[in-house]
Amino acid sequence: MADLSINFAGIRSPNPFWLASAPPTNSGAQVHRAFEAGWGGAVWKTIGAPVLNVSNRYGAWHFGNQKMLAINNVELISDRPFDVNLREIADVKRAWSDRAVIVSAMVESRPEAWHDVIRRIQDTGADGIELNYGCPHGMSERGMGSAVGQVPEYCEQITGWVMEVAKIPVIVKLTPNISDIVMPARAAVAAKANAISLINTVNSIIGVDLETLEITPNIGGRGGHGGYAGPAVKPIALNMLAALGRDSIVHGSGLPISGMGGISTWRDAAEFLLLGASSLQVCTAVMHYGFRIIEDLCDGLSNWMDEKGFATIADVAGRSLHRVSDFKDFDLAFKAIARIDQQKCIRCDLCYVACNDTAHQCIDLIDKNGCVVPPGAYDVCSNGKADAVGMRPRVVVREEDCVGCRLCFNVCPVEDCIAMLELPPDRPSVTWDELSTKQREVTEDWNKMMQYREKMGIHIH
Amino acid sequence: MKDSWGGNRGGLQELLPPLTIHEAAVEAARCLMCFDAPCTHACPTHIDIPKFIKKIATGNLRGSARAILESNLLGATCARVCPVQELCEGACVLGSEHKPISIGRLQRHAMDYVYGKGPDLFQPGKATGKRVAVIGAGPAGLSCSGELAKLGHSVTLYERRALGGGLSTYGIIVLREPVEIALAEVAMVQRLGVRLESGKDVGNEPSVSDLQANFDALFLSVGLGSTPQLGISGEEFIIDGLDYIERSKLDQSRLTVGNDVVVIGAGNTAIDCATIARRLGAERVTMVYRRSENEMTAYPHEYDFVKREGVGFWFLAQPVKVHAENGAVKALECVRVQLGAADSSGRPFPQAIPGSAVMIPADQIVKAIGQHRPSLASQLSLATEKGFIRVNADFETSVTGIFAGGDCIRARGAASTVMAVQDGKLAARAIHKRLVNHG
């Protein structure tokens, strides 16, 4: 059985799953219940400056039959009194010595204010502190949250103030609302923070109500940008996580990274680990289904690790990072083509229309006699299920023309029906980087490029 | 009449409830939106089904309804009465391993919207000055009339009975289609400018020659004739199945349901009769068929349905005599048969087994054994095929300018509402082409 426990910058927890700083960790009662359900840790909902909240603060993005592909919120930091939060944090920590209790904080940008809040948090017995430099709405208008995270200099300065008094590990939480995530991460490294976490929520407007023309959600006739989170942001989070893992300064610093952004299942969790996270935070999935999801997060991850022969989280963390690459380093000779399993194909023809209308026109409709036919090639008098099913052509990839774009693979609704078949390369391996170094003219002049293609036997129809 | 366990069983109201908005949205989202979809191929009117379903998914119900009605003007009836298992849903790519999309019910969702609160989606076309007479206001006649009106032709629709709609109004059990739906479609066609002349028995008044003189083209959608005679003793005690259904729909005060009902026949009409009898209180309903389960013409899903209704079957039993006392039916006497070589219908001919008589107790006997061929064909000396009116690919009969469609031409294949609608639509296009080109 895999050992799921972690030691993250000195913060220990029995599994890598922490509730992210958000509504699920708003009170001691909630965190108690979460720990009873099995959560390894909790990052307390941000405490700090006084606030007031509004109604209709959560919006959601639904797609098809999937509810809450993402949530968006304009909820501020904790609206419960500071002292109440501190008392409950101390209570929880006393009751759950084996779990990680991290307290998220955000105060105005003065050294005394940060010193004070850090000291008071430390007095609770909490295991760590997370600096909320990410909240993109409301608090940022007051110079806090992402207003800090978006300026690496502020990030470094404030983290420096914190580190002056911090006696427990400090995690800097980054905002994704920035053009290069590496910059604020380097600032955290420079300020000698103990760890980094990412991503906070993404700036977003959920939509507009077509009946009333109001912004969704409607807050007294107004609406605005809020923080976007949930399954829809996962790919963005993975990219930012990998960007930190590939940066020599951030990676070289050895700071551990707590990954979050759309983690809903153990599969998502494993992907975050593989790209360099060593603790994981979850919010939207819990807000959708409740604390109980921790059971399969742990069970699924543990089973997968056993199958793969990973004994500890450290064995997994960063395991796929070396594969993340820039386009210039991809092998241009790599070749794959699509192949459709006719036994599994249900003849929806979604691959056909996608390829034909929007990709490379290399899937044919083949009738019973082996002839290529156009779509709708049946008589107007033909009908009934026997005709419709019996006369339906097969979809077949014209392999010599397939560029292996993978669009058909992506649209196919049937599991394992379309395979991307990897073929032995038919020319020597070369990257764009190598090409532009060794044969620069090929990369700058279309005529030279065409000559090169001719020579290498590259035919793009 | 009371059921043995009290009350009647479910009654005759429409069997399937409408989908809720949420159910429709969930079901519509499940559709894969196949390209060149097999459901569309399978539909005799070739409705672009993924198109109308995706419009439901996006909340564009008006556009959805239009997509349906452009291919099938009687979309509300077809949404209810089509044998979808044999057509669109039977061809759904999700059917093999999953549950096919409920296409019929989604179509009904869009149609209910249009008939509930939507505006008319089509207007009469610019007047061409051409006049067409359509004889018979069933599905083929309504479809043809409506399509011709959309193209700008002046259409007079003659109907022998008091109400338009044909079998949709008179012959389809309420469980599947309430009368109001059929009548709403008749009214929609009238709003397109079609003049409905009901109570007119074409052939007598007006005569066909009058029509030929006054109109540029004729379309015959006369359906079929009366139920044939069994030619057995006591036949006068047997109730006609179509009459039985009609009373159940339009005037239940004239419908008496027995306690021990025997239905002769095993087609879809026979199944409807058996269902009515069960649902309106018969203790025991038995269907009697002279061939076997394999030859019955009812759709498999209808057969399954009626078995679940608690109807019993006598296969390989041929009625020979109705036993009655003092005007009251007591039993149907049958002989057992065995199946021999194929007859003219292509099905094995039942041969009586001597000495095998059985008495099936009954206090009511209903027959639903098909209908006579259209009589107008012989009056007009039209060429026929197996007694049905013969038409060419343009739905034109052997007499120039007289077109025909619907059950009266259905020499091959199963007669159905949706096929009749398609006939009417295609015939309208052919008539239009003729009238405009010969303008």
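The following exercises, each with a worked solution, concern a predicted model.

**Exercise 1. Overall form of chain B**

Determine how the radius of gyration of chain B stands beside that of a compact globule with 439 residues.

*Solution.*
Step 1. For 439 residues, a compact globule would have a radius of gyration near 22 Å.
Step 2. The value for chain B is 23 Å, which agrees with that expectation.
Step 3. Along the principal axes, the C-alpha atoms of chain B occupy a box of roughly 70 × 55 × 45 Å.
Step 4. Of the residues of chain B, 50% count as buried. Its secondary structure consists of 16 helices and 16 strands.

**Exercise 2. Domains of chain B**

State into which domains chain B is divided, and identify the helix that gives the most to the side of domain 1 that touches domain 2.

*Solution.*
Step 1. The division gives domain 1 (21–116), domain 2 (131–225 + 372–437) and domain 3 (235–367).
Step 2. The centres of domain 1 and domain 2 of chain B, taken over C-alpha atoms, are separated by 26 Å.
Step 3. Their contact takes 13 residues from domain 1 and 20 residues from domain 2 of chain B.
Step 4. On the domain 1 side, helix α5 (residues 75–81) of chain B gives the most, with 5 residues.

**Exercise 3. The buried face of a helix**

Explain why the buried residues of α1(B) line one face of the helix.

*Solution.*
Step 1. Helix α1 (residues 21–30) of chain B has the buried residues A24(B), E27(B) and A28(B).
Step 2. Viewed down the axis of α1(B), these buried residues fall within an arc of 100°, and therefore they line one face of the helix.
Step 3. A general rule applies here: an α-helix has 3.6 residues a turn, so residues three or four places apart point the same way.
Step 4. The partners of the buried residues of α1(B) are α3 (49–57) and α7 (103–116) of chain B, against which they pack.

**Exercise 4. A sheet in chain B**

Give the order of the 5 strands in the open sheet of chain B, and name its edge strands.

*Solution.*
Step 1. The order is β3-β2-β1-β4-β16, with parallel pairing.
Step 2. The edge strands are β3 (195–198) and β16 (402–404) of chain B, since each pairs on one side only.
Step 3. From one strand to the next, the twist averages 20°.
Step 4. Strand β2 (residues 154–159) of chain B pairs with β3(B) over 4 bridges; T156(B) has R195(B) as its bridge partner in β3(B).
Step 5. Helix α8 (residues 139–150) of chain B lies across β1 (131–135), β2 and β4 (217–220) of chain B, and runs at about 165° to β2(B).

**Exercise 5. Backbone exceptions**

Most residues other than glycine have a negative phi, and most peptide bonds are trans. Describe the exceptions at R347(A), L316(B) and P217(A).

*Solution.*
Step 1. R347(A) is not a glycine, yet its phi is positive, at about 65°. Its place is the loop between β17 (335–340) and α13 of chain A.
Step 2. L316(B) also has a positive phi, near 50°, and is found in the loop between β8 (312–314) and β9 (317–325) of chain B.
Step 3. A residue is buried if 20 or more other C-beta atoms lie within 10 Å of its own. R347(A) has 22 within 10 Å and is therefore buried; L316(B) has 20 such neighbours inside 10 Å, so L316(B) counts as buried.
Step 4. T216(A) and P217(A) are joined by a cis peptide bond with omega of about -10°. P217(A) lies in the loop between β13 (215–216) and β14 (226–229) of chain A.

Technical notes
Residues numbered from 1 in each chain as written. Chains lettered and ligands numbered in written order. Predicted model: local features only at pLDDT ≥ 70, side-chain atom pairs only at ≥ 80, totals over all residues. Buried ≥ 20, exposed ≤ 12 C-beta atoms within 10 Å, placed from the backbone. Helix = DSSP H or I, 4+ residues; strand = E, 2+ residues; numbered from the N terminus. Arc of directions from axis to C-beta. Contact = placed C-beta atoms within 7 Å. Pairing = 2+ DSSP bridges. Axes fitted to C-alpha atoms, helices over the stretch in contact; angles between N-to-C directions. Rg over C-alpha atoms; globule rule 2.2 N^0.38 Å. Domains from an automatic or database assignment.
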